[in-house]
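The following exercises concern the packing of a protein chain. Each task is followed by a worked solution.

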Amino acid sequence: MADAKKLIRLNYKAYLADADEKLYDTTDAEAAKEAGIFNEKYTYAPMTYIVGSKTLFPDLEEAIANAEIGKETEVVIPCENAAGPRNPKLIELYPIKDFYKQEINPYPGMPVSLGNKNGIVLSVGAGRVKVDFNSQLAGHDLMYRFTVVEEVTDAKEKAKAVLELAFGTSEGFDFEIADDKVTVIEAEVCKFHQNWAVAKYKIVTELREIFGVDRVDFLEVWDAGKKE
């Protein structure tokens, strides 16, 4: 049996520390509106995170692991420990006609997707478009202000959170949690949802990490319903 990991929820504000503390990401809707980065398609709510899952920058991961619940923590991460320096080889030139063929009129700051790569238009001129495929965080020191609002301790709530992270919803699912395994009783939607098969791999990994088990079972239920 593996060591179980903590599941927490936290609010955060993420800044480019060396660019006048420009806010680039947050769970706070009002802060996003003030910074001009509000996204109507995004649900602003505390982020669920598995402590020790190593999906964040190591310095941030360490700060979260040591944070007190309810107390705001600030951590500054130098560029070399974050997204690293900007790579000039990731700045490329394209003929402007390539954009016109797709009925795109490029302008500086425009997000674009070219050849399965996402970038930002840096400049347009002389029939050429310069596109930067570096991460928006590359070359920047970062600062995070975050507050761990709770540690999720109820077993079924933990399992629900995993489903919400990996599949987008936990509605209709049920769970049986034992010392040596977790059983996921699948919702009706799993029978026809095209992303379910892929989501299961992530669900297995995260349930193993959170509950410290080696085995995860999935139970598919076909219920004809009660006869009247």
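**Exercise 1.** In this predicted model, determine which residues Phe-211 touches, leaving aside residues up to four places away in sequence.

*Solution.* Contact requires heavy atoms within 4.5 Å. With sequence neighbours up to four places away set aside, Phe-211 touches Ala-4, Ala-155, Lys-158, Ala-159, Ile-177 and Val-182.

**Exercise 2.** Identify the residues with the most contacts inside the largest nonpolar core, and the elements that each supply at least two of its residues.

*Solution.* Step 1: the largest nonpolar core has 24 residues, and Leu-163, Phe-173, Trp-196, Ile-203, Leu-207 and Phe-211 have the most contacts inside it. Step 2: at least two residues of this core come from each of α4 (155-167), β11 (181-185) and α5 (196-211). Step 3: α5 gives the most, with seven residues. Step 4: a second, separate core comprises 20 residues, including Tyr-12, Tyr-24, Leu-60 and Tyr-144.

**Exercise 3.** Describe the span of α4, its buried residues and their packing partners.

*Solution.* Step 1: from first C-alpha to last, the 13 residues of α4 reach 18 Å, close to the 18 Å expected at 1.5 Å a residue. Step 2: buried means under 20% relative accessible area; in α4 the buried residues are Lys-158, Ala-159, Ala-161, Val-162, Leu-163, Ala-166 and Phe-167. Step 3: these buried residues pack against β1 (7-16), β3 (47-50), β9 (142-152), β10 (174-177) and α5.

**Exercise 4.** Which residue caps the N-terminal end of α4, and which residue follows α4?

*Solution.* Step 1: the cap is Asp-154, with a side-chain oxygen 3.2 Å from the backbone nitrogen of Lys-156. Step 2: Gly-168 follows α4 and has a positive phi, near 95°.

Methods
Residues numbered from 1 in each chain as written. Predicted model: local features only at pLDDT ≥ 70, side-chain atom pairs only at ≥ 80, totals over all residues. Heavy atoms only, no water. Core = buried A, V, L, I, M, F, W, Y, C linked by side-chain atoms within 4.5 Å. Buried < 20%, exposed > 50% of the residue type's maximum accessible area, 1.4 Å probe, protein only. Helix = DSSP H or I, 4+ residues; strand = E, 2+ residues; numbered from the N terminus. Expected span 1.5 Å × (residues − 1). Polar contact = N/O pair within 3.5 Å; in protein donor to acceptor, adjacent residues only side chain to side chain.
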